[in-house]
Amino acid sequence: MCFPALFIIMRNEQSSTSGVRTMATKEEHVRKPDWLKIKLNTNENYIGLKKLMRENRLHTVCEEAKCPNIHECWAVRRTATFMILGSVCTRACRFCAVKTGLPTELDWQEPERVAESVRIMNLKHVVVTAVARDDLKDGGAAVFAETVRAIRRKNPFTTIEVLPSDMGGVYENLKILMDARPDILNHNIETVRRLTPRVRARATYERSLEFLRRAKELQPDIPTKSSIMVGLGETKEEIIEAMDDLRANHVDILTIGQYLQPTKKHLKVVKYYHPDEFQELKEIALSKGFSHCEAGPLVRSSYHADEQVSEAAKARQLKA
């Protein structure tokens with residue numbers, strides 16, 4: 001998910017003493033709730049990691065998507081989500097800050113550069129995502145798979161999470177990626193069924209569910225994961241329906257975070273969810289059978305991913 005912003009424009013204002021939501025009868029700029037304030041940290045870890053990315057000509061979704069957790073992850077946890085296949089996406093989803101247009105040619109040296117950066121950073125867990133490449137027949141699956149293999153060769157003890165697009169819904173493309181055997185397959189449904197046509201470009205709700213189901217069919221022992229952003233006008237009942245749909249397709253891990261408007265051109269926020277509401281959603285998700293759920297205002301798909309893979313490993317051990 002990629003959607004932070006400095007200011008949020010909202011409708012139908014109705015304030016409560018608990019601060020659960022802030023809405024306005026007219027569109028207007030309003031202050032973020034206190035729980036969305038971010039502490040900036042530009043220590044040596046942050047500066048060093050940024051320098052490493054530039055020297056290796058690498059992209060991160062942390063920067064491209066303006067993630068609100070970049071300072072925590074880079075400066076404190078020293079983790080990053082690598083974004084391969086260039087920095088230009090062929091889709092123009094109405095929630096996403098990644099630039100769209102005509103992508104550049106494939107860089108077949110990129111997998112080795114990512115793997116080397118993982119080695120230098122000494123990462124225990126790495127997340128690899130990518131822009132959608134609908135211009136490619138395989139949707140970028142071959143480069144994705146080679147990136148996984150390159151990381152394995154140089155970092156045999158690092159766990160690897162991949163976060164691809166739906167790759168056009170082509171089964172063979174997904175098989176290429178799953179044959180590389182990442183430790184976690186992550187694919188986001190992003191929003192509830194009703195809002196999908198308005199929020200996502202080209203992707204469909206059913207195709208994403210099928211993508212997740214087929215990934216599990218190809219490699220039953222590899223945990224699958226998905227993410228939902230809230231605040232776009234969905235109802236609680238629709239969020240629960242999405243949870244049920246994901247569990248029906250054997251998804252193991254769920255993350256839920258607050259949608260934030262990247263620019264004035266993107267979808268507006270309809271509601272700020274209070275931290276207590278996120279806690280309730282997390283408890284519901286766990287009761288549905290998800291092995292792990294991360295839910296909170298600043299939670300993103302890759303947020304604390306290292307902890308999620310540990311929880312997934314524990315769950316597999318208990319089933320064994």
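## A buried threonine

Is threonine 196 buried or exposed? Threonine 196 is buried, at a relative accessible area of 2%; buried means under 20%, exposed over 50% and partly exposed in between, using a 1.4 Å probe and protein chains only. You'll find threonine 196 in helix H7, residues 196-199. Helices here are DSSP runs of H or I with at least four residues, strands are E runs of at least two, and both are numbered from the N terminus. Setting aside neighbours within four places in sequence, threonine 196 is in contact (heavy atoms within 4.5 Å) with Thr191, Ala203, Thr204 and Tyr205.

## What you're looking at

This is a predicted model, where local features need pLDDT of at least 70 and side-chain atom pairs count only at pLDDT 80 or more, while totals for chains, interfaces and linings use all residues. Residues are numbered from 1 along each chain as its sequence is written, and side-chain values use heavy atoms, with hydrogens and water left out.

The chain has 11 helices and 10 strands, and 57% of its 320 residues count as buried. Take the contacts between residues at least 6 apart in sequence: 74% of them join residues at least 24 apart.

## The core

The largest nonpolar core has 63 residues, and Met243, Leu246, Leu254 and Ile256 have the most contacts inside it. Such a core is a set of buried Ala, Val, Leu, Ile, Met, Phe, Trp, Tyr and Cys residues joined through side-chain atoms within 4.5 Å. Leaving out neighbours within four places in sequence, isoleucine 256 is in contact with residues including Ile228, Val230, Met243, Phe278 and Leu281.

## H4 against H5

Helix H4 (residues 110-121) and helix H5 (residues 141-154) have axes that come within 8 Å and cross at roughly 35 degrees. Those axes are lines fitted to C-alpha atoms over the stretch in contact, with angles running from 0 to 180 degrees between N-to-C directions. On the H4 side the meeting residues include Val114, Ala115 and Val118, and on the H5 side Val143, Ala150 and Ile151 are among them.

## Two positive phi values

Arginine 181 has phi near 55 degrees, a positive value in a residue other than glycine. Arginine 181 sits in the loop between helix H6 (171-178) and strand E7 (184-186), and is partly exposed at 34% relative accessibility.

Glutamate 190, also not a glycine, has a positive phi near 70 degrees. This glutamate 190 lies in the loop between E7 and H7, and counts as buried at 10% relative accessibility.
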